[in-house]
Amino acid sequence: MPKDPAADRLVIRNLEFIGGMSEKQGWRPESSLPEIAFAGRSNVGKSSLLNVLVRRKSFARVSRTPGRTREINFFRVNNAFVLVDLPGYGYARISKEQKAEWKPLIEAYLRRTTQLRGIVLLLDIRREPSDDDRAMLDFLAELEVPTIVALTKTDKLSKLAARERVAEISGALSLESDQVIPFSAVSGEGRVELLEAITDLLEAETR
Ligand SMILES: Nc1nc2c(ncn2[C@@H]2O[C@H](COP(=O)(O)OP(=O)(O)O)[C@@H](O)[C@H]2O)c(=O)[nH]1
Ligand SMILES: [Mg+2]
């Protein structure tokens, strides 16, 4: 038995896919459990991060053909909360028409979900945040959704360069230092910090 009861809550004992939402006014699971959603541009490493987070090898599909998952996928964890995988946005190679699709769907989800406790927004530590990234952050601020920013693929930079990028991105987006978590699906850096941040969001008073 773990000594720390908080640590026990991080263990994922049960993980169940409960469905997908593909249209603005479309079906979504009826659930009163708190939700934590994950967002980011296609190819940022969201599937990889989710797989590391829940320690399942192919829970979320890691794809080399970005921009293909267009649904919002819902997973019930430990019968305690719902993890929500939002479609990746803003991939340059898909058509303008497709590109515009993510916004109304994600916006509809965010507006409809009163039990949403927080969002984890993924940004590639090596890249400049895109207009879509900034639009997403602004929208989350407007809706007052607590936001954690995971800076992905830190293993691709030296420790020093990664530290510099954390400071640069935090400054450029006016993020608080406790909002930003450097993460690598390759080294596992940031996994515990991210799980702790999620646990904090779940335990926070309803917004
Ligand atoms: N080096 C490195 N590569 C990563 C990391 N996370 C994802 N990738 C790679 O980036 C690509 C996109 O990853 P994926 O998880 O499918 O991104 P998604 O489109 O956001 O779901 C794949 O080739 C992954 O192997 C990471 O932490 N480190
Ligand atoms: Mg993916």
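In which sense do strand 1 and strand 3 pair, and over how many bridges? I looked this up in a predicted model. Strand 1, residues 15-21, and strand 3, residues 72-77, run in the antiparallel sense and pair over six bridges.

I then checked the connection: strand 3 and strand 4 form a hairpin, with three residues between them. One residue of that turn, N78, has a positive phi of about 55°.

I looked up N43, a residue other than glycine, and its phi is near 80°. N43 sits in the loop that runs between strand 2 (35-40) and helix 2 (46-54). Is N43 buried, exposed or partly exposed? I have 19 C-beta neighbours inside 10 Å for N43. Being buried takes 20 or more and being exposed takes 12 or fewer, so N43 counts as partly exposed.

Last entry, S174. Its phi is near 50°, also positive in a residue other than glycine. I placed S174 in the loop between helix 6 (159-172) and strand 7 (180-182). For S174 I have 9 other C-beta atoms within 10 Å. The limit for an exposed residue is 12 or fewer, so S174 is exposed.

Conventions
Residues numbered from 1 in each chain as written. Chains lettered and ligands numbered in written order. Predicted model: local features only at pLDDT ≥ 70, side-chain atom pairs only at ≥ 80, totals over all residues. Pairing = 2+ DSSP bridges. Helix = DSSP H or I, 4+ residues; strand = E, 2+ residues; numbered from the N terminus.
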